[in-house]
There are 2 protein chains.
Amino acid sequence: MDFKKIGDAEISRRDLMLGAGKVAIGAAGIAALSSGGFGLIRNAEAKEGSTEKWPWPYVKLDPDKTAELAYNEWYRVFCGAAVISSVFTQLREKIGEPYKSFPIDSFVFLEGGMAGWGTVCGSNAGANVVSNVIIGPRIAGPDCEHGHSVGSDMMDWYSNTALPIFTPKEPKQKTAIIQTTANSPLCHVSVGKWMKKSGFALGSAERKDRCARVAASVAHKLVVDLNAWKDGKFEPKSSWTPGKSVGITGQQNCNECHGSNIPTPPMAKK
Amino acid sequence: MDFKKIGDAEISRRDLMLGAGKVAIGAAGIAALSSGGFGLIRNAEAKEGSTEKWPWPYVKLDPDKTAELAYNEWYRVFCGAAVISSVFTQLREKIGEPYKSFPIDSFVFLEGGMAGWGTVCGSNAGANVVSNVIIGPRIAGPDCEHGHSVGSDMMDWYSNTALPIFTPKEPKQKTAIIQTTANSPLCHVSVGKWMKKSGFALGSAERKDRCARVAASVAHKLVVDLNAWKDGKFEPKSSWTPGKSVGITGQQNCNECHGSNIPTPPMAKK
């Protein structure tokens, strides 16, 4: 936790902000409050973030319940924000801060591969936001490295799995939703292959329900992995490090865009 | 602002958290604090986010200073988080919350097109995070629609501009950095074209400095657009809505992956 001196009283800033009922604030603290002494905290922390301490508190969640939440949230905030919301709204209830201060709905822009541009599927992006916000960024030290690897594993799994795999209890589309394997973490490729096989248009109710179920499938795996991490049992499965192996950031499906004529990037001197 | 009743004292929760020196907290408020009465606030807001009210407070920033910050931050947190940090660390100093509660460094994962997978360039993703966190998501009403359009405009501009355009005052690489036009918002395509033209490897100091300058170029434009929005003068320039125009989410460079054999997606019935 984040302790700051206020006069002689050493209190947890988070406890103070949340008022979780366990704050024993002394006379010095009250004086600091009534005289505007909190300004000391503000100045001291003006540059550094108050939530940039990892990991964030986490309690294990139910994967099925999380997937149901993601499915239903898709129809409000679409893929990326639905994945974030499915995890963070539960943690807002069970824990409170810092999840309450995270602006989940801002991430609606992850829809359609970022504002409709068909780049990374928002479900993958949302999962990466969640894992790196909770566990932390890899630069924050070895305890945080799984923020990166849970996210990267998701893109590997997403690319190589016939999706969607989650069926909601009360589907908005009663007809069967066919599965396709994207071989890519990109929205355009994932949605395009599904549209080609299913014959349904982008604007169809079936395509929307397919994407809602994909978001739910991703949210399910995300919580399975976060729970394993919480138990100290998460083992990364992906070993995809294209910068090292092929000399450029990339996916695993070079041929799909390049055909047989895959360029050789300039390589560093050995 | 976000006002809550604590006993008879009606105070701004943000003022209380920031302690900006202007809080006149009455006896009832002190009683609520010492008896754990803040728990009322916690329970009342358990489900809803405390920062999901848009726009977030914004003061106009200097584009050149922001670009310098982004350039230097690239060498600490890489492209996406550098763009976010360049804007939010200034707003932490000038405004305080809610920027202090936003976990900037979690967004290191945007590096290399998201954990090295070469999808959307992190600078584009970071700019979208910033615009949608400050202005708001498009679902939050017409006042927030420019969160989406500032972000989408960035991807359009990024795709069609010879980058980098920003030269730092104290470049880490003294040699000239050539410019390339990506015709795509993707990391793999943007970096790949630059590597091909320049002959420098992914791991070279020159490539790193090129990406740091691209992040700085994006941060510069981002602040120009945010300042225009603050003045009520932002006009979206991009009209790219591929879902409507070509029936699938996507970029503008179909031929680059598909060659001349561009598939026709199934279209919705008219």
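**Ground rules**

I count residues from 1 along each chain as its sequence is written, and I letter chains from A and number ligands from 1 in the order in which they are written. Because the model is predicted, local features need pLDDT of at least 70 and side-chain atom pairs count only at pLDDT 80 or more, while totals for chains, interfaces and linings use all residues.

**Entry: chain A overall**

I looked up the elements of chain A. There are 10 helices and 2 strands. Both kinds are DSSP runs numbered from the N terminus: helices are H or I with at least four residues, strands are E with at least two. The order from the N terminus is β-β-α-α-α-α-α-α-α-α-α-α.

Next I checked burial. Chain A has 270 residues, and 50% of them count as buried. Buried means that 20 or more other C-beta atoms lie within 10 Å of the residue's own; 12 or fewer makes a residue exposed, and anything in between partly exposed, with C-beta atoms placed from the backbone.

Then I checked contacts, meaning pairs whose C-beta atoms, placed from the backbone, lie within 7 Å. I took the contacts in chain A between residues at least 6 apart in sequence; 63% of these join residues at least 24 apart.

**Entry: the core**

Which residues have the most contacts inside the largest nonpolar core? They are Val83(A), Ala215(A), Val83(B) and Ala215(B), in a core of 126 residues. Such a core is a set of buried Ala, Val, Leu, Ile, Met, Phe, Trp, Tyr and Cys residues joined through C-beta atoms within 7 Å.

I followed Ala215(A). Leaving out residues up to four places away in sequence, Ala215(A) touches Ala70(A), Tyr71(A), Trp74(A), Cys79(A), Ala82(A), Val83(A) and Ser123(A).

**Entry: H4 against H8**

Ala215(A) is one of the H8(A) residues that meet H4(A). On the H4(A) side I noted, among others, Ala70(A), Trp74(A) and Val83(A). The axes of H4(A) and H8(A), residues 205–230, come within 7 Å and cross at roughly 130°. Axes here are lines fitted to C-alpha atoms, for helices over the stretch in contact, and angles run from 0 to 180 degrees between N-to-C directions. The two helices are therefore oblique to each other. By the cut-offs, under 35 degrees is roughly parallel, over 145 roughly antiparallel, 65 to 115 roughly perpendicular, and the rest oblique.

**Entry: H5 and its partner**

Is H5(A) mostly covered or uncovered? H5(A) is mostly covered, with 13 of its 13 residues buried. From first C-alpha to last, H5(A) reaches 18 Å, close to the 18 Å expected at 1.5 Å a residue. That expected span is 1.5 Å times one less than the number of residues. Gly136(A) follows H5(A) and has a positive phi, near 115°.

H5(A) packs with H6(A), residues 145–160, at about 160°, and their axes are 7 Å apart. That makes the pair roughly antiparallel. The contact includes Asn124(A), Ala127(A) and Ser131(A) of H5(A), and Gly147(A), Val150(A) and Met154(A) of H6(A). This crossing, too, is right-handed.

**Entry: the loop between H4 and H5**

I looked at two residues here. Ile95(A) lies in this loop of chain A. Ile95(A) has 17 C-beta neighbours inside 10 Å, so it counts as partly exposed. Beyond four places in sequence, Ile95(A) touches Pro57(A) and Val59(A).

Lys100(A) lies in the loop too. Lys100(A) is buried, because 25 other C-beta atoms lie within 10 Å. From Lys100(A) to Gly112(A) is 12 residues in sequence and 26 Å in space, C-alpha to C-alpha.

**Entry: backbone exceptions**

Most residues other than glycine have a negative phi, and most peptide bonds are trans. I listed some that depart from this.

- Leu163(A) and Pro164(A) are joined by a cis peptide bond, with omega about 5°. Pro164(A) is in the loop between H6 and H7 of chain A.
- Asn183(A), not a glycine, has a positive phi of about 55°. Asn183(A) lies in the loop between H6 and H7.
- In chain B, a cis peptide bond joins Trp54(B) and Pro55(B), with omega about -5°.
- Met114(B) has a positive phi near 80°. Met114(B) counts as buried because it has 26 C-beta neighbours inside 10 Å.

Technical notes
Two residues are in contact if their C-beta atoms, placed from the backbone, lie within 7 Å. A crossing is left-handed if the near helix is turned anticlockwise from the far one by less than a right angle, and right-handed if clockwise.
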